[in-house]
Amino acid sequence: MAELVTIPISYFELEIDYERPDVRLWIDRASIVQGIFDALKPWNPSVDDIELRATGKPSEQGVAFKLPLKRVSFFFGAASCKFTRDAVDWESADETLTILDTAFSALAKLGRIVMGTKRTTIGMHLQPRTMTFMDLLSPFMPPQLAALEKAPMRTMAVVAKWEKRKVTLDGSAALANAVFVKIEREFESASAYLEMARELRADEEQLFRVLGVEEDRG
Amino acid sequence: MNAYQEFQTSGNQWPQAVHLMLHEEDQRFPFSPEPKQGRAIPDYLEKQVVSFGAEHDAALNEVRRYFVLPADPASVLTFLSGHRTVRQLLLEAPAYLKASFGPDAVFNLRAPIDESGSQTLYAVAMWPGDLRDVRQALARFDDAWWISHSRQASGYLAFTYELV
């Protein structure tokens with residue numbers, strides 16, 4: 001029987017590199033910022049929630065919008081853009097897709113940007129109700145490594161990478177007795193958001209089965 | 001406890017939820033003062049309260065690193081908002097708890113309201129071993145730290161165990 005887990009912390013990210021960097025997005029960006037701000041109006045953005053990032057590497061500089069009530073942030077620079085939402089779940093997936101589609105579409109249209117490959121990430125901290133986090137993780141430890149010491153292992157991590165997919169399992173650094181799970185998948189630029197969401201959900205369900213856990217929605 | 005050095009959150013710092021009035025963190029009797037109508041709240045005071053709120057949120061994140069909150073954490077979070085000393089004690093306790101109960105022990109937090117209407121926060125060791133061992137661990141913890149600090153909790157915090 002699957003172990004019931006709660007997911008107190010979760011986030012979703014979608015990062016897209018442009019087909020080619022466009023430095024106009026640094027210099028001539030007032031109309032783009034205004035356009036994105038207007039497009040996000042249904043979610044009540046505030047001018048105070050716009051942040052101009054002028055530090056870091058040139059590729060990290062740009063403009064970030066925040067929608068605090070939705071825990072959404074959207075950043076665009078000269079080479080890429082990134083959408084993040086905290087406290088995500090599948091019940092709010094439609095809303096998440098609507099907001100990200102609004103933000104990306106406004107940027108693509110106003111900045112005349114051609115979007116490239118889409119990189120998605122889902123991060124979750126799973127807190128088991130009865131087991132310890134090591135009970136969930138230890139089946140993924142090769143016995144040869146586990147046998148290096150007689151003492152029980154305190155924690156461990158596993159990272160598996162494929163051409164367009166990556167899975168990370170780790171102990172949580174943010175919660176007591178919790179497992180951190182990160183699911184990353186890369187999509188072609190033409191992929192539809194809904195199709196991406198379906199595939200990510202299938203990834204999550206598959207990984208939960210492998211871990212032997214089920215979300216406690218009680 | 002993590003093994004792989006990597007960011008595990010989005011990195012966004014979200015402001016605390018804005019209440020009707022910024023100084024009303026908790027509206028339950030007797031912890032919140034009555035707002036006085038017509039009294040202007042100085043700008044600096046609001047900023048100070050927001051800063052206290054951010055500090056409290058950061059402390060709660062620390063508490064979550066050491067203690068497992070219930071699936072619906074509202075009762076515990078509200079309790080900790082109204083009992084800041086208890087929150088501080090929870091942040092000091094883990095080193096002594098680990099030393100007494102072992103590094104892998106899991107502690108749950110619960111804040112039930114008893115029949116008389118009063119509320120106490122329980123830090124419960126979920127103990128898979130036998131009763132004698134957990135009693136000895138609790139006694140070690142009491143002697144090493146809790147007896148000398150329990151007065152600060154004013155009876156609002158208790159450490160106990162549950163056999164699982």
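This is a predicted model: local features need pLDDT of at least 70, side-chain atom pairs count only at pLDDT 80 or more; totals for chains, interfaces and linings use all residues.
## Where the two chains meet

Across the interface of chain B and chain A, 15 residue pairs are in polar contact, with both residues of each pair at pLDDT 80 or more. On the side of chain B that touches chain A, the largest share comes from helix H1 (residues 43-66) of chain B, which supplies four residues.

How many residues does each chain bring to the contact? Chain A puts in 34 residues and chain B 25. The area buried between the two is about 2500 Å², and carbon and sulfur atoms give 53% of that. In chain B, the residues that lose the most area to chain A are B:Met1, B:Gln8 and B:Trp14, together 32% of what that side buries.

There's one salt bridge between chain B and chain A. It pairs the side chains of A:Arg154 and B:Asp104, at 3.6 Å from N to O.

## Aromatic rings

Over all chains, the count of aromatic pairs comes to 13. One of them is B:Phe79 with B:Tyr156, an edge-to-face pair with 6.3 Å between the centres and 65 degrees between the planes. These two come from distant parts of the chain, 77 residues apart: B:Phe79 sits in helix H2 (residues 74-82) of chain B, while B:Tyr156 is in the loop between helix H5 (131-149) and strand E3 (157-163) of chain B.

B:Tyr156 has 35% relative accessibility, so it counts as partly exposed.

Chain B also has an aromatic cluster to look for, made up of B:Phe67, B:Tyr96, B:Phe101, B:Phe107, B:Trp127, B:Phe141, B:Trp145, B:Trp146 and B:Phe159.

## A closer look at A:Arg85

A:Arg85 is found in strand E5 (residues 80-86) of chain A. Why does A:Arg85 count as buried? Because its relative accessible area is 6%, and the cut-off for buried is under 20%.

The side chain of A:Arg85 has polar contacts to the side chains of A:Glu95, at 2.9 Å, and A:Thr96, at 2.8 Å. Leaving out residues up to four places away in sequence, A:Arg85 touches several others too, including A:Ser10, A:Tyr11, A:Phe12, A:Lys70 and A:Ile99.

## Salt bridges around the structure

The whole structure has 20 salt bridges over all chains. In one of them, A:Glu91 meets A:Arg217, with the closest N and O atoms 3.3 Å apart. A:Glu91 lies in the loop between E5 and helix H3 (93-111) of chain A, and A:Arg217 in the segment after strand E10 (213-215), so this pair ties together parts that are 126 residues apart in sequence. Both A:Glu91 and A:Arg217 are exposed.

A:Asp203 belongs to helix H6 (residues 193-211) of chain A and A:Arg185 to strand E9 (residues 179-187), 18 residues apart. Both A:Asp203 and A:Arg185 are buried.

Over in chain B, the side chains of B:Arg110 and B:Glu162 join in a salt bridge at 2.8 Å, N to O. B:Arg110 is in strand E1 (residues 106-110) and B:Glu162 in strand E3, so the pair ties together parts that are 52 residues apart in sequence. B:Arg110 is partly exposed, at 32% relative accessible area, and B:Glu162 is partly exposed at 30%. Back in chain A, salt bridges with shared partners join A:Arg165, A:Arg185, A:Glu199 and A:Asp203 into one network.

Note on methods. Residues are numbered from 1 along each chain as its sequence is written. Chains are lettered from A and ligands numbered from 1 in the order in which they are written. Side-chain values use heavy atoms; hydrogens and water are left out. Contact means heavy atoms within 4.5 Å. Buried area is the accessible area (1.4 Å probe) that two parts lose on being put together, summed over both. A salt bridge is a side-chain nitrogen of Lys or Arg within 4 Å of a carboxyl oxygen of Asp or Glu. A polar contact is a pair of N or O atoms within 3.5 Å; within protein, one must be able to donate a hydrogen and the other to accept it, and residues adjacent in sequence count only if both atoms are side-chain atoms. Rings of Phe, Tyr and Trp (its six-membered ring) pair if their centres lie within 6.5 Å; planes under 30 degrees apart count as stacked, over 60 as edge-to-face and the rest as tilted. Buried means under 20% relative accessible area, exposed over 50%, partly exposed in between (1.4 Å probe, protein chains only).
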